[in-house]
Amino acid sequence: MNAELGQLALILGLLLAFAQFVFPIIGAWRGNSTFMAMGRSAAYGQFVFVSFAFVILTYAFIAQDFSVSYVAYNSNSQLPMLYRFSAVWGAHEGSLLLWVFILNIWTVTVTAVSSRKGSVLPPEFSARVTAVLGLISFGFMLFVIFTSNPFDRFLPSPLEGADLNPLLQDPGLIIHPPMLYMGYVGFAVAFAFAIAALLGGRIDREWVRWTRPWTLLAWSFLTFGIALGSWWAYYELGWGGWWFWDPVENASFMPWLAGTALLHAQSVTEKRGAFIGWTLLLSISAFSLSLLGTFLVRSGVITSVHAFASDPTRGVFILAYLGVVIGGSLALYAFRAPKMITGGGFAWFSRESLILINNLLLTVAVGMVLLGTLYPIIADAFGMGKISVGPPYFGSLFIMLMAPLMMIIPLGAYSRWKQDQIGRVASQLILPLVISAVVAALAAWMLSTGNLRTLTGVFAGCWLITGSLSYAIQRIRRQKRNSLPRSEFAMILAHMGVGVFVIGVSMVETTSTEKHIPMGPGDTFTVAAYEFEFKGTEHVEGPNFSAERGTFMVSKNGKHVTALFPEKRRYRKGQVMTEAALDPGFTRDLYVSLGDPLDNINQRWAVRIYEKPFIRWIWLGTLMMTFGGLIAMSDRRYRMTARAKEKTRLMAEKTSASEVTA
Amino acid sequence: MTPTRKKRMTVVLLILLGVGIAAAIAMTALQENLLYFVSPSDVAADKMPAGRQFRLGGLVKDGSVVRANESLEIHFVVTDGPEDVAVVFNDILPDLFREGQGIIAIGALDTAGVFQADEVLAKHDEEYMPPEVADALEKTGHTVADQNAAAENKP
């Protein structure tokens, strides 16, 4: 009975999504405030029904209702309670329901914030935003109900379910998909703001102030979500990599790149009124790439660890939906944007020109990743043979594109809007440059390496960190106060995060030690001054698996460091899983995993032993970027209501004589 | 042209030039990193010269897996029914590698016609059959049915 209620709730949600589109769009067109208000009510109503459906599906997992086909396929009675929650979005149907649910969370938040008392948003504008979000939701819910219904029955009901893919039975996977989707779907808000502005035909710097905090929030979630995915892949997939240029990773990375470009373009639009058309276009692109990502992951057109579901009809539906959303919004853009492009000019060296370079590099990077990801699909469609694109394509091109970007980031913070002298900016960055060169030289000496990739990476990372720090110090001195405006602090933190990330990546990629060797009980092997002694394996039983657990004693110069217990698990339905054992550290990780048993008599195993220097810095850097985004979002100027704004305007007029804005 | 227009033209041209160069570099890099999917029948038809990297796909032939004693070296045969290719791999196999399973091996043929694999992929899913392998098997008249027998154990 419950599943039918969930189904009904979804259908009611679908109808409300349609209402959420139709009423406010007519209301905004006709200036009818009753209709505009109906859009808001529809949005709240839709949220209630979609949440209800989501709760019902979750309950079906907790209560082990195997008469629901989706539950039967992705869960069983031995599945630990924690994973019954994450199993809700463990496969296709549920993850789409999560997509819709998260879109609803964004919609009600945006609607509530923009319709609260004293909001600065014109009612027509927020009505259009609500309408666009309603339309997106309508399309997705059609998709869920007609091609991927999570509430389909499985009758007669089986006594026992299959299993949740064991790869997904991991704490990292409980929060990775929701975070990623919060980011993906969050770009729908920036998209809706862009479309609403295009529909209204009017845009100004105020508009950017409305849309920017939402973009920052979505971007922060996406950054965090991607980082979580990378961290999970590192410890769970059993071969110790942190990024594979896998199509599904690319699918989440492309919106991130476009979103990063968007954030920077928005800052120009906000401060200088320039780049308006470009900002609109990037808002459309970021969300279109999110949709494309969903298409890539969920249509089964690509071969990947993530592509759990494959069903061509779904692919056709998403493709049509994609065509409508992207084609429609680009047509609207082509029609309306030329009339709206304005903005101040700027000299060849200025903050604007540096951000322009940033945007070009990031956009070209999106194009590059897109080409490499779609090329095999296109080649296959045109009968050019089955092709795949090797990771070196992405790796080498990406480094080429990002190296210049890393170099100009500190310049960007220092340089003034509109016009600046390159000499003035450069003279302030001499100290960071010297420090970075010294650190790189020290690294060369300590690691006794002449590897150019390691050293440029360390240099670039230090340059980003010290360049951003020196800007912070100078900025604090100049204003004679011991604090920075939040947006400045956020920028510095995020840019330092990029530096930390770059150091982590270049150290891991060029100085890791990776050994694959056969080992029997009692054997020892030395990796990067750490001695690993294999004590053999023992059989252990888990809640829904049985495993061979190895014991490795790790010592350095005769001193005990740690004991590691990697496992080889066999789940109920026969799936074999490698559980790596890690000893994390600030400057290095030790990583051991069991390959396959080589022979049963001597208990010998194929073993992976890795030492990965500075790998934690990769995730530390991304966390700094995430917090940077969140802090920037909380800047005072985005939270102002109409009245507060009037007050500051009056105050600004009083003191405007001597004030110079940054 | 007014000076402003001239300046704008220069900027636009520079951007176009930059994008053009980037596109050219990207296409070159793409060409260098393309890996073709090749079936054992294609190998038998001498479609791949020795030393050229490609992705070999097929089923691991039953009873063909032989391990070395003192190293990780492993020998097995990849088949698509009519044709076989001998493969050598000197690293750790993925969890789902076993006889009768569909796999993809990345590497190149040596002069003796043995496939030297640098990487072996088998997916983390019992029912999984790489689509390329399934296609290639269908071409040679093999069915995927026995491979998917596991799927029927599902509820």
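1. A residue is called buried if 20 or more other C-beta atoms lie within 10 Å of its own, exposed if 12 or fewer, and partly exposed in between, with C-beta atoms placed from the backbone. By this rule, buried residues make up 30% of the 155 residues in chain B.

2. The model is predicted: local features need pLDDT of at least 70, side-chain atom pairs count only at pLDDT 80 or more, and totals for chains, interfaces and linings use all residues. Residues are numbered from 1 along each chain as its sequence is written, while chains are lettered from A and ligands numbered from 1 in the order in which they are written.

3. Chain B has 3 helices and 7 strands. Here helices (H or I, at least four residues) and strands (E, at least two) are DSSP runs, numbered from the N terminus. Read from that terminus, the order in chain B is α-β-α-β-β-β-β-β-β-α. Two residues are in contact if their C-beta atoms, placed from the backbone, lie within 7 Å. Among contacts in chain B between residues at least 6 apart in sequence, 52% join residues at least 24 apart.

4. Where the chains meet, 40 residues come from chain A and 28 residues from chain B. On the chain B side, helix 1 (3-33), strand 1 (34-38) and helix 3 (131-139) each supply at least two residues. Helix 1 of chain B gives the most, with 8 residues.

5. Strand 1 (residues 387-389) of chain A runs antiparallel to strand 1 of chain B, and 3 bridges join them. Two strands pair if DSSP finds at least two bridges between them. A:Ser388 has B:Leu35 as its bridge partner.

6. Chain A holds an open sheet of 4 strands in the order 2-11-10-9, with antiparallel pairing. Its edge strands, strand 2 (513-519) and strand 9 (581-583), each pair on one side only. Strand 10 (residues 588-599) and strand 11 (residues 604-613) of chain A pair over 9 bridges. A:Arg588 stands opposite A:Pro613 in strand 11 of chain A.

7. The axes of helix 1 (residues 2-30) and helix 2 (residues 33-62) of chain A come within 7 Å and cross at roughly 160 degrees. Axes are lines fitted to C-alpha atoms, for helices over the stretch in contact, and angles run from 0 to 180 degrees between N-to-C directions. Helix 1 and helix 2 of chain A are therefore roughly antiparallel to each other (angles under 35 degrees count as roughly parallel, over 145 as roughly antiparallel, 65 to 115 as roughly perpendicular and the rest as oblique).
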